[in-house]
Amino acid sequence: MCTRTFWSSPGRTSPAETGLLLVLVLVLLEGSVLHAVAGASSSAADVTNHHAPTNESGHQKKPFPVLDLNYEHVQTPFEISLWVLLASLMKLGFHLIPRVSNIVPESCLLIVVGLLVGGLIRLAGEEVPPVMNAEVFFLCLLPPIILDAGYFLPIRPFMENLGTILMFAVVGTLWNAFFIGGLLFAVCQINPGYPLELHQLELLPCLLFGSIISAVDPVAVLAVFEEIHINELLHILVFGESLLNDAVTVVLYHLFEEYAGAGTVTVLDGFLGIMSFLVVALGGVLVGAIYGLLAAFTSRFTSHMRVIEPLFVFVYSYMAYLSAEMFHLSGIMALIACGAVMKPYVEANISHKSHTTIKYFLKMWSSVSETLIFIFLGVATVDGKHHSWNWVFVTATVILCLVARVMGVVGLTYIINKFRIVKLTTKDQFIIAYGGLRGAIAFSLGFLLDEVHFPKKDMFLTAIITVIFFTVFVQGMTIKPLVELLAVKKKQEAKRSINEEIHTQFLDHLLTGIEDICGHYGHHHWKDKLNRFNKKYVKRCLIAGDRCEEPQLIAFYHKMEMKQAIELVEKGGAKMPAIPSTVSMQNIQPKKAVPQERMLGQLSKGKEEEIRNILRTNLQRTRQRLHSYNRHTLVADPFEDGVILRKKNVMEKKIKEMNNYLTVPAAPPDSPTMCRARLASDPQAYSMKPTADDVPTIHVDLASPQSPDSVNLVDELKKKSEPTSDADEGLVMRAPSQNRSEESDREQQKLMRCLSDPGPNADEDEDEPFLP
Amino acid sequence: MGSRASTLLREEEIEEIKKETGFSHSQITRLYSRFTSLDKGENGTLSREDFQRIPELAINPLGDRIINAFFPEGEDQVNFRGFMRTLAHFRPIEDNEKNKNAAPSEPLNSRTNKLLFAFRLYDLDRDDKISRDELLQVLRMMVGVNISDEQLGSIADRTIQEADTNGDNSISFNEFMKVLEKVDVEQKMSIRFLH
């Protein structure tokens, strides 16, 4: 995306880019220099401090310092900001050099940068800052990435493949850990002669090392897989595995760490370990789900304070992570569960702006975190005092990791394929095995080891770093050409069409029915039951207003319409003809047909207007969202939310005397809101296709909101003429009360037709905007 | 369940069904016991009422249509062969499945036949096209009663617009297949009948 602005002619750097690269270099130098300065100034401060007591009595007057340097005052935040700035500039820089970033994945480049920075700092004579300490990593750098992954996790493929993913995550990681640990121990034992130190290595530390190194790392997987765009199935398998194996890693790590001091592990300990695994995994998910439901519930009430909506999402998720970590449960699983549980409900409740904010903040934080992690990996590598190279150990580790992974994947796939409908092919297996990248989590876990119990900690760290480098560099760089070579199916880029949505739901119902006929309680049966439960109970609690009744299909259609409207405005803005002041549908002239690409937007103008009307009236949410964002993009002049709300309140007060059941009465035709409605709903961006005969063009004259179909609606109204007391019934048309004159009946119909919002009663909603 | 005098499944029948549908022996016997448990009248055939007695089908929006799909044109009873023939559409597709019976036609559970089955559920009047009305009916069933007709109409129009390539304002089987080419029909329309 940057390339478009900066890349005037390929192959030559424009002045802007050279400037950027200069800035980069300056920042690098500044960082290292400031470290030296920090050292110097602290010593200078010491000197002055020493002098001060002797001068206390005399208090000599020294000249007032016009310019002073006080670095420690801002040292920590300054350094943090400098690192973040460096990371972000690096990211920018890579996109300016597309040749390199096509061959080498970003993660490799970042590690190299980290190495350079570490090297610079070493050259400057300073000590490399301990940037990769476990606390910073686990509490600050990891959560954004996981939250981003969890919030945007594609739930459907994840659930469909859950069995496979769990098999790989749990059984695969266990296999890896024991295989690597055990064989390493054997190698160390039988290793003759030279590095006698290896003989001291006991079984338990080896197993612990095995469990650290065996876990596939979500950060590395994300970083590499994002660039290769493989098909959804493989992506979710590897990625899901990397997320869910956290529970296994946590348990194994704590188990072996505890007992490494004691020296032996009994069967009872093993049993306790299994129990602990269940507790860790399920407990983590439970904690996450609880926080997710809390967040969803909170978002129900945020209609008045839209600005802090994103904050709830972030804070609840972070709290879920911290709470899980507090109890030694799996923080990653808690975070994933929290994000996945809260997303559907929060999305239904928050405004569009908040949705965008959440999306971009998550992407931003996770991107910066990822960059920082890789840079820090590079820096920590240069830090020499934690290294102790041992050829045998390291090479054995690398080889065993590869072998264990391949064997594990092949073996597990053989078992799994017996239960899958769509089997995993050899190509799939290869990609899954090859995609088992290790990353910073392994390094941090190694860093956390206690020196006393694990005298070989340095050797472990060296081996871990080597494995990480190997997987990230070698596997990361070669996976893209391999994917091309093996012709693995790539990701389908096209958006989901309404056809697919309808037919998918159709097939779901069909399959559920067939399963019921066969008496086979399978996948679809339980999914259907869950959906019903969700619709009946959960949505009522967690989604505010009438939105809880909105069928998924309608929500999808609505979203699609919005997206398309925004796109068309962005694309076809120049083609907007002058907007007439009064829009009467009968006056619309059909325009000429547009090229094929606009096919989807070619609804007749009348239809489009009708759709907008219907959407506006029947879906409360629509109005809310239109107010908060879409009118601003569709119409040239931006209106603030507050202005619209105030005007609406004025409107409401004017029509209060109508005394109807409706919450939002119709606006008088000339009110500002109606004018704006006309303007906004005029979809000038849509060009017209010559209307086919059997596409009904509904003529709606906005000046007096009434449609020819109101007759039908009246029938509908008469059918449901019992007024119900409970307001939250969903999108039900209410009948006008009986004791009305014919005149106001007509008015009633007009109002109802236009703005039937059978939400809460008019009384309680007088001064409030629509309930979200 | 329980012993039935004249409706036990004979080996030859099992073999025939196996050839025709591709189910395995154990699957056929399992489904046969399900068939007999549904068959309250004990006459070897199922009627519509037998199906409607299944509680979950009653709340399924497509329940009636699915039941109708089992019964051949104009008939009110379906025997075990017919039952299995319909269910055969939902057998998972095996990659290495060779056509053992050497029949020129495709096996019942091929992708095309699966889609054809689904298509026929939309297309009630069997004119090989999904018209706007038929689509509206299905949408209405899936969405419930609370959405207005116009809204459903717009959705239906848009759906037809997206799919229709020859401009006849209805969706033919080829257009239907094209629209679903990205959807993993083999997985979505298969039930794992346990061995």
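This is a predicted model: local features need pLDDT of at least 70, side-chain atom pairs count only at pLDDT 80 or more; totals for chains, interfaces and linings use all residues.
The side chains of A:R405 and A:E241 meet in a salt bridge, 2.9 Å from N to O; by salt bridge I mean a side-chain nitrogen of Lys or Arg within 4 Å of a carboxyl oxygen of Asp or Glu. A:R405 lies in helix α16 (residues 391-416) of chain A and A:E241 in helix α11 (residues 232-262) of chain A, so the pair ties together parts that are 164 residues apart in sequence. Helices here are DSSP runs of H or I with at least four residues, and strands are runs of E with at least two, numbered from the N terminus. Both A:R405 and A:E241 are buried, where buried means under 20% relative accessible area, exposed over 50%, and partly exposed in between, with a 1.4 Å probe and protein chains only.

Residues are numbered from 1 along each chain as its sequence is written, chains are lettered from A and ligands numbered from 1 in the order in which they are written, and side-chain values use heavy atoms, with hydrogens and water left out.

Over all chains, the structure holds 20 salt bridges. One of them joins the side chains of A:E106 and A:K91 at 2.7 Å, N to O. Because A:E106 lies in helix α5 (residues 106-123) of chain A and A:K91 in helix α3 (residues 75-96) of chain A, this pair ties together parts 15 residues apart in sequence. A:E309 and A:R306 also meet through their side chains in a salt bridge of 2.7 Å, N to O, and both of these residues are buried. Salt bridges that share partners join A:R156, A:E160, A:D508 and A:K527 into one network.

Let us turn to the interface. How large is the area buried between chain A and chain B? The value is about 5800 Å², of which carbon and sulfur atoms give 64%; buried area is the accessible area (1.4 Å probe) that two parts lose on being put together, summed over both. In chain A, A:I421, A:F506 and A:I517 lose the most area to chain B, together 14% of what that side buries. The contact takes 66 residues from chain A and 58 residues from chain B, contact meaning heavy atoms within 4.5 Å.

Across this interface the rule finds one salt bridge. The side chains of A:E561 and B:R158 meet in a salt bridge of 2.9 Å, N to O.

B:Y122 is found in helix α7 (residues 111-122) of chain B and is buried, with a relative accessible area of 0%. Leaving aside neighbours within four places in sequence, B:Y122 is in contact with several residues, among them A:I502, A:H503 and A:F506 of chain A and B:L135 of chain B.

B:S190 lies in the segment after α11 (185-188) of chain B and, at 2% relative accessibility, counts as buried. Beyond neighbours within four places in sequence, the contacts of B:S190 include A:I421 and A:L511.

Finally, helix α6 of chain A is mostly covered, with 14 of its 18 residues buried. This helix bends by about 45 degrees at A:L142, and a proline, A:P143, follows within four residues; the bend is the angle between axes fitted to the seven residues ending at a residue and the seven starting there.
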